[in-house]
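The exercises below are meant to be worked through with the sequence and the coordinates at hand. Each task is followed by a solution that goes step by step.

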2 protein chains.
Amino acid sequence: MPTDPLSATFAALADPTRRAILARLSMGETTVTELAAPFEMSLPAVTKHLKVLQRAGLVSQGRQAQWRPCKLTPEPLREATDWLEQYRQQWEQRLDRLESYLRELQARESGQ
Amino acid sequence: MPTDPLSATFAALADPTRRAILARLSMGETTVTELAAPFEMSLPAVTKHLKVLQRAGLVSQGRQAQWRPCKLTPEPLREATDWLEQYRQQWEQRLDRLESYLRELQARESGQ
DNA sequence: TTATTATTTTACCTAAAGGTTAAATAATGC
DNA sequence: GCATTATTTAACCTTTAGGTAAAATAATAA
């Protein structure tokens with residue numbers, strides 16, 4: 001029961017700690033300890049989050065003395081974005097309708 | 001422990017059944033039974049998936065006689081896409097590098 | 001070799017996810 | 001009221017998620 005890549009990507013993104021790790025890595029490679037610093041959880045917990053990100057293909061780890069520098073491998077995000085894009089038109093239409101409704105409301109207000 | 005909206009959205013998308021439900025709903029409103037038809041799981045299982053989608057704000061349900069027509073409410077997808085967009089440049093750069101590497105490989109092949 | 005630093009693995013816990021079947025609810029039609 | 005159709009809820013089960021503390025590994029430094 002290997003979960004499909006797209007599900008793995010979305011699942012990896014469904015946690016604020018992991019999204020914060022990705023955001024940090026988008027500014028450049030760094031070590032596990034430094035990645036863990038902002039969080040109140042233990043180091044093993046961060047290691048686990050990193051595993052989830054690695055299984056999703058979003059992070060890879062190297063070796064440099066006793067450090068394991070982590071870096072972002074953002075390719076899987078493309079597939080995720082591609083999937084989401086198919087709905088863009090629909091939500092834009094919705095937001096347009098909402099906007100014009102609000103405009104109409106305002107027009108009525110002013111008219112009174 | 002209410003999970004944040006973005007996490008709820010990504011978690012909702014991290015399941016192929018739920019993504020298929022959204023894809024179906026993007027073609028128009030329909031009933032729970034019809035939504036469930038393509039899947040091998042029980043109706044209560046589909047109800048549960050719909051609950052996840054509703055909690056994420058991606059689906060809303062109406063009432064029409066004994067049916068509960070479901071429709072897509074895609075707004076939360078915008079926030080998800082917006083979050084992903086911040087990485088677009090990075091993955092595009094990566095893909096560009098990959099592409100030029102492959103081009104170079106091919107050039108060498110031909111040169112031999 | 002021994003100590004130190006960085007990281008992971010193991011063993012464990014609790015809660016949530018995703019599924020089941022059987023029973024409950026809702027609305028309609030006779 | 002009673003049967004039918006659509007859907008949900010309840011009770012349960014098994015697996016996974018996310019966390020912990022303590023022990024194991026890996027590389028360096030003294």
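**Exercise 1. The fold of chain A**

What percentage of the contacts in chain A with a separation of 6 or more is accounted for by residues 24 or more positions apart? Describe the fold and the overall dimensions of the chain as well.

*Solution.* The model is a predicted one, and the steps should be read with that in mind.

Step 1. Counting the contacts in chain A with a separation of 6 or more, residues 24 or more positions apart account for 52% of them.

Step 2. Chain A contains six helices and two strands, and along the sequence these follow the pattern α-α-α-α-β-β-α-α.

Step 3. The radius of gyration of chain A is 21 Å, whereas a compact globule of 112 residues would have one near 13 Å. The C-alpha trace of chain A spans about 75 × 30 × 25 Å along its principal axes.

Step 4. Of the 112 residues in chain A, 23% are buried, where buried stands for 20 or more other C-beta atoms within 10 Å of the residue's own.

**Exercise 2. The two faces of a helix**

Which residues of α5(A) are buried, and which exposed residues lie on the face turned away from them?

*Solution.* Step 1. The buried residues of α5(A) are A:P76, A:L77, A:A80 and A:L84.

Step 1. Viewed down the axis of α5(A), these buried residues fall within an arc of 100°, and therefore they line one face of the helix.

Step 2. The general rule behind such a pattern is that an α-helix has 3.6 residues a turn, so residues three or four places apart point the same way.

Step 3. On the face of α5(A) turned away from its buried side, the exposed residues are A:D82 and A:E85.

**Exercise 3. How the two protein chains meet**

Step 1. In the interface, 21 residues of chain A are in contact with 21 residues of chain B. On the side of chain A that touches chain B, the elements giving two or more residues are α1 (5-13), α5 (75-85) and α6 (88-111) of chain A, and α5(A) gives the most, with six residues.

Step 2. Sorted by class, this side of chain A has 12 nonpolar, four polar and five charged residues.

Step 3. Because 100% of the interface residues of chain A are also interface residues in chain B, the copies meet through the same surface.

**Exercise 4. The surfaces near the DNA strands**

Which residues come nearest to DNA strand C, and which come nearest to DNA strand D?

*Solution.* Step 1. Around DNA strand C there are 24 residues, of which A:T31, A:T33, A:P44, B:S42 and B:A45 come nearest. Two or more residues of this surface come from each of α3 (32-36) and α4 (43-55) of chain A and α4 (43-55) of chain B, and the largest share, five residues, comes from α4(B).

Step 1. Of the 24 residues around DNA strand D, those that come nearest are A:S42, A:A45, B:T31, B:T33 and B:P44. Here α4 of chain A, together with α3 (32-36) and α4 of chain B, each supply at least two residues, and α4(A) gives the most, with five residues.

Step 2. By class, the surface near DNA strand C has 11 nonpolar, nine polar and four charged residues, and the surface near DNA strand D divides into 11 nonpolar, nine polar and four charged.

Notes
Residues numbered from 1 in each chain as written. Chains lettered and ligands numbered in written order. Predicted model: local features only at pLDDT ≥ 70, side-chain atom pairs only at ≥ 80, totals over all residues. Contact = placed C-beta atoms within 7 Å. Helix = DSSP H or I, 4+ residues; strand = E, 2+ residues; numbered from the N terminus. Nonpolar A, V, L, I, M, F, W, Y, C, P; charged D, E, K, R; others polar. Near = placed C-beta within 6 Å. Rg over C-alpha atoms; globule rule 2.2 N^0.38 Å. Buried ≥ 20, exposed ≤ 12 C-beta atoms within 10 Å, placed from the backbone. Arc of directions from axis to C-beta.
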